[in-house]
Amino acid sequence: RVGNHIEFPNYEPEELLSIAKVMCRDLEYEMSVDAEPIFFEYIKKRMTMPYFSNARTVRNAVDRARMRAAIRLFSKAFDQSSDGMVSKTELM
């Protein structure tokens with residue numbers, strides 16, 4: 001066990017939004033301008049809730065968004081009215 005504890009201050013919501021945008025870029029995604037204020041409000045709300053964990057909370061949100069986008073694309077491609085193709089634009 002470690003006997004010392006180091007206190008790290010929480011990031012500000014603006015910093016967490018920047019972290020999220022970097023995470024998206026590193027994963028070769030792009031956060032749209034329309035998504036930024038929505039994500040910002042989400043982070044502000046999450047900061048008031050239990051188990052908020054700074055950048056880990058942001059990473060978890062980005063991971064969930066990626067998974068939901070993949071599910072949407074998969075569902076669309078397998079829709080009976082679809083040709084089964086996914087465009088490059090839809091992947092971004």
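**A loop position and its surroundings**

Guide: Ser87 counts as partly exposed because its relative accessibility is 32%, in a scheme where buried means under 20% relative accessible area, exposed over 50% and partly exposed in between (1.4 Å probe, protein chains only). The model is predicted, so local features need pLDDT of at least 70 and side-chain atom pairs pLDDT 80 or more, whereas totals for chains, interfaces and linings use all residues. Residues are numbered from 1 along each chain as its sequence is written, and side-chain values use heavy atoms, without hydrogens or water.

Ser87 lies in the loop between helix 3 and helix 4 (88-91), helices being DSSP runs (H or I, at least four residues) numbered from the N terminus. Its C-alpha is separated by 9.7 Å from that of Leu73, 14 residues apart along the chain, and Leu73 is one of the buried residues of helix 3, together with Thr57, Val58, Ala61, Val62, Ala69 and Ala77. Helix 3 (residues 55-77) has 23 residues and reaches 33 Å from first C-alpha to last, close to the 33 Å expected at 1.5 Å times one less than its number of residues.

Helix 3 is also packed against by the buried residues of helix 1, as is helix 2 (35-46). In helix 1, those buried residues are Pro13, Leu16, Leu17, Ala20 and Cys24. They lie on the same side of helix 1 because they cover an arc of only 105 degrees around the axis, taken from the directions from the helix axis to the C-beta atoms. Arg25 and Asp26, on the other side of helix 1, are exposed.

Technical notes:
Helix = DSSP H or I, 4+ residues; strand = E, 2+ residues; numbered from the N terminus. Contact = heavy atoms within 4.5 Å.
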